Amino acid sequence: MLDQTTIESIADELVQADRDRSVLPRLTTRYPDMVVEDSYAIQKVWSDRRIAAGARLVGHKIGLTSKVMQLATGISEPDYGVIHDDMVFESGSVLEFDRFSNVRIEVELAFVLSKPLTGPNVSIFDVLDATAYVVPALEVLNSHLEMEGRTIVDTISDNAAMGAMVVGGRPVKVDETDLTWASALLYRNETIEDSGVAGAILGHPALGVAWLANKLAQHGQTLEAGEIILAGSFTKPMWVERGDTVHADYNGLGSVTCRFI
């Protein structure tokens, strides 16, 4: 494992890359012996640095929970990152393209918690009981490390590529719809690029939230009431360019839209 000085140095590099909107060489080329625990330690320091500068923690994202995402990235296990208040936008927002690097979009469901979830041994039933509502969301991926050859160690260190989220559609209670069959059509500039069903996330999107609560327990952390949890994408990442309009139609759950300038 890396020593604390190296962990803090890498976190500072990532903070600066976020400010400069730059892309760094993969960490695994410089630190080939890095392990996953190093990555989460780097992510925690990175988050703490941003919070010290004025950001506020409002939730977590889960990544790589579906086979389509694992195949798209070549990474075979889930990961997580943090969501700060300046990463959350409402549907219809216009986003600054140059704020992000390697910009891609994913289709997700966001769980908003009314109760805390503390692992280990959190089950799907605990998650459903603790959820105030579920709402459609788009995740904007933002990678500060070069993409080719990256591993889960690189991705986790870079806050699991979390850049922003756009929330919209119709919030629903978990007993108002079968979340396994929640689906979406993803459009870019009025053309359907992808589609998916939320059951692709570990069989049920709430299982992703249960995984997160149990994983955080290993790091002495918990999910708090009021947090927003992005449960993972059920479409592959869609690349976007400046000027693109993105629209996701979730049928009965409404839609989410954003535009990049």
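Predicted model: local features only at pLDDT ≥ 70, side-chain atom pairs only at ≥ 80, totals over all residues.
Guide: Residues are numbered from 1 along each chain as its sequence is written. Local features need pLDDT of at least 70, side-chain atom pairs count only at pLDDT 80 or more, totals for chains, interfaces and linings use all residues, and side-chain values use heavy atoms, with hydrogens and water left out.

Visitor: Why is the contact between arginine 26 and glutamate 146 called a salt bridge?

Guide: The rule asks for a side-chain nitrogen of Lys or Arg within 4 Å of a carboxyl oxygen of Asp or Glu. Here the closest N and O atoms are 3.8 Å apart, so the pair qualifies. Arginine 26 sits in the loop between helix H1 (4-20) and helix H2 (27-30), and glutamate 146 in the loop between strand E6 (131-141) and helix H6 (152-157), so the pair ties together parts 120 residues apart in sequence. Helices (H or I, at least four residues) and strands (E, at least two) are DSSP runs, numbered from the N terminus.

Visitor: What makes arginine 26 count as buried?

Guide: Buried means under 20% relative accessible area, exposed over 50%, and partly exposed in between (1.4 Å probe, protein chains only). Arginine 26 comes in at 17%, so buried is the word. Glutamate 146 has 34%, so that one is partly exposed.

Visitor: How do you know that lysine 44 and aspartate 48 form a salt bridge?

Guide: Their N to O distance is 3.0 Å, so they pass the cut-off. Both lie in helix H3 (residues 36-52), four residues apart, about one turn of the helix. Lysine 44 is partly exposed at 39%, and so is aspartate 48 at 35%.

Visitor: What makes glutamate 176 and arginine 170 a salt bridge?

Guide: The closest N and O atoms are 3.9 Å apart, so this pair is in too. Arginine 170 is partly exposed, at 41%. Elsewhere, shared partners join Glu8, Asp12 and Arg49 into one network. The count by this rule is 14 salt bridges.

Visitor: Why do strands E8 and E12 count as a pair?

Guide: Two strands pair if DSSP finds at least two bridges between them. Strand E8 (residues 183-188) and strand E12 (residues 245-249) have four, in the antiparallel sense, so they pair. Leucine 186 stands opposite alanine 248 in E12.

Visitor: What makes E4 and E9 edge strands?

Guide: The open sheet runs E4-E13-E12-E8-E9, with mixed pairing. Strand E4 (93-95) and strand E9 (191-197) each pair on one side only.
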